[in-house]
Amino acid sequence: MIGTDEWVKAIRKDFPIFERKVNGHPLVYFDNAATTQRPHSVIEAVDQFYRTYNANVHRGVHTLAAEATEAYEMAHKKVAKFIHAKRWREIVFTRNATEALNLVAYAWGLHRLKPGDNIVTTIMEHHSNLVPWQKVAKWTGATLRVADVTEEGRLNLDHLRSLIDEHTKVVAVTSVSNTLGVVNPIPEIARWAHEVGAIVVVDGAQGVPHIPTDVQAWDVDFLAASGHKMLGPTGIGFLYGKEDLLEEMEPFLFGGEMIREVWVDRATWNELPWKFEAGTPNIAGGIGLAAAVDYLMQIGMENIEAYERELTAYALERLKEVPGIVLYGPDSAEDRVGVLSFNLGEIHPHDVASILDYHGIAIRSGHHCAQPLMRRLGMEGAARISLYFYNTKEEIDLAVEVLHKALEIFA
Amino acid sequence: MDIYLEYILDHYKNPRNYGTLENPDISHEEGNPYCGDVIRFDLKIEDNKIVDVRFSGKGCTISQAAASILTEMIKGKDLDEVKKLTKEDMLEALGIPVGPTRIKCALLGLKVLKSGLYGLKGWPGEEEEEE
Ligand SMILES: Cc1ncc(COP(=O)(O)O)c(C=O)c1O
């Protein structure tokens, strides 16, 4: 049964890292928004590639090359299925979400924008979906418009909508905030963008690992994500792009793999998605990502979402009991994932993180790569607990207990 | 929790030589971009000696306590002596086990001091590697 103690226990057995202790305590891993842990199946898929069919892809007729090529292509197909893309050609592998977002900014934004155009984004973006657009705006003469958040800590949709006009060419928005945990209504935002002929670029780094993603139903033009935040290896991420947009675009990086024919003075481009994957790709990473997607699909994203919602509601309730705690983001688990940023009285977030670490509990502290949002919320930084489906209510209880201890130390 | 010892918390809650100076000979402020901690040192110098010092800033227990302890270490000291202070001297004075995750917190004050005094780039303890 989904969500029962036995269910989570069985899942935790799949993750070798939970066998280790940290500072004498069993590891409680609450830093999943930074990166998740990897199950055996992912580690083994990478290991098996290197041990038994390691070769470069797309070049060479020998058996190993054929096997590696097939596995690497299959990885694209699995990701396509996972996010409900129409065709696997629409999946471009990148190093991470950051590179995927830069790809869109450079290869689409830089060529399409001109003075008088505007780019609409939000104050809750990770720096990776803000800074590339700042640069594109600067280089092209377009203006950047930034939608605010509400007092509750959700995206201010009225404000966002009011910023979108006939000069808007890009709406760049995150599906889930890495600081507030809120889930943004992407289908609605995509509709507003399309009404004025703009494209919508979705940062799915925090959304794709936690909620079912359907790029066709949502009608998004681009979506970026990172493998390492969804059980996969580091150094692999992907960009989804609608086929016609990817076809029309200039490549991002130039060189091997991405060309069809080359003369001394010119070249033509390879077919999708290889046109955007210049040079030898992260083959092992792609194969590991495919294993991660297999794992997630086997559990089911609906199940993951439901269990995490329950955990989030529980964490919100328990954390609220801690005297002097300030929690950021909406008060309920509705349209929210298990990203819980907070400050504990006057105690610096680093100190909160250190004290939790003494008890084996790993959390993030700092500005979470979202400095404009931090400034907007009037805070220097925050501690952040971020959950995944292998976490338990007992672990949350433990963290709450240690937060009480922290209060005693600083009393 | 060996780093939150009584005297560290005392330096944090009651920082020594805290504040700013009227007409400092040297005033320097720097932060750690990863955590947002900031420290400023104001120094009054006579005959190559630090005759007065104040620090101010914001940040975690370790960074603020270390800066407070550092002010006590350098007050009245010869500049040449201060220049010779090493990463190890600072950690020894702090007297707690600082792991790799908090080392920059512990050294921020010394970094700001050295950077203000003679333009040290980088972090104390990394000088040798850079040469
Ligand atoms: C919302 C969001 N977008 C983008 C990123 C960037 O991911 P990566 O560093 O893997 O490129 C992150 C990672 O923290 C994130 O939380």
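Is the crossing of α4(A) and α5(A) left-handed or right-handed? I found that α4(A) and α5(A) cross in the right-handed sense (left-handed would have the near helix turned anticlockwise from the far one by less than a right angle, right-handed clockwise).

**Ground rules.** I am reading a predicted model, in which local features need pLDDT of at least 70, side-chain atom pairs count only at pLDDT 80 or more, and totals for chains, interfaces and linings use all residues. Residues are numbered from 1 along each chain as its sequence is written, while chains are lettered from A and ligands numbered from 1 in the order in which they are written.

**Helix pair in chain A.** I looked up α4 (residues 97-112) and α5 (residues 131-140) of chain A, which pack at about 15 degrees with their axes 9 Å apart. Helices (H or I, at least four residues) and strands (E, at least two) are DSSP runs, numbered from the N terminus. Axes are lines fitted to C-alpha atoms, for helices over the stretch in contact, and angles run from 0 to 180 degrees between N-to-C directions. That angle makes α4(A) roughly parallel to α5(A) (under 35 degrees is roughly parallel, over 145 roughly antiparallel, 65 to 115 roughly perpendicular and the rest oblique). Among the residues making the contact I noted A:Leu101 and A:Ala105 of α4(A), and A:Trp133 and A:Val136 of α5(A); contact asks for C-beta atoms, placed from the backbone, within 7 Å. By class, this contact has 7 nonpolar, 3 polar and no charged residues (Ala, Val, Leu, Ile, Met, Phe, Trp, Tyr, Cys and Pro count as nonpolar, Asp, Glu, Lys and Arg as charged, and the others, Gly among them, as polar).

**Sheet in chain A.** Next I traced an open sheet of 7 strands in the order β4-β10-β9-β8-β7-β5-β6, with mixed pairing (strands pair if DSSP finds at least two bridges between them). β4 (91-94) and β6 (143-147) of chain A are the edge strands with a single partner each, so one side of each has no neighbour in the sheet. From one strand to the next, the twist averages 20 degrees. I also checked β5 (residues 118-122) and β7 (residues 168-174) of chain A, which run parallel and are joined by 3 bridges. There, A:Val120 has A:Val171 as its bridge partner.

**Ligand.** I counted 14 residues around the ligand, with A:Asn96, A:Thr98, A:His126, A:Asn178 and A:Ser226 coming nearest (near means a C-beta atom, placed from the backbone, within 6 Å). The shell divides into 4 nonpolar, 9 polar and 1 charged.

**Sheet in chain B.** Here I found an open antiparallel sheet of 3 strands, ordered β1-β2-β3. β1(B) and β2(B) form a hairpin with 6 residues between them, and B:Gly36 in the turn has a positive phi of about 85 degrees. In the hairpin of β2(B) and β3(B), 2 residues lie between the strands and B:Asp47 takes a positive phi near 45 degrees. I counted 9 bridges from β2(B) to β3(B), and B:Arg40 stands opposite B:Ser56. Helix α2 (residues 61-74) of chain B lies across β2 and β3, running at about 170 degrees to β3(B).

**Between the chains.** Last, I found 11 residues of chain B in contact with 11 of chain A. The chain B side has 7 nonpolar, 3 polar and 1 charged residues.

Key. Contact = placed C-beta atoms within 7 Å.
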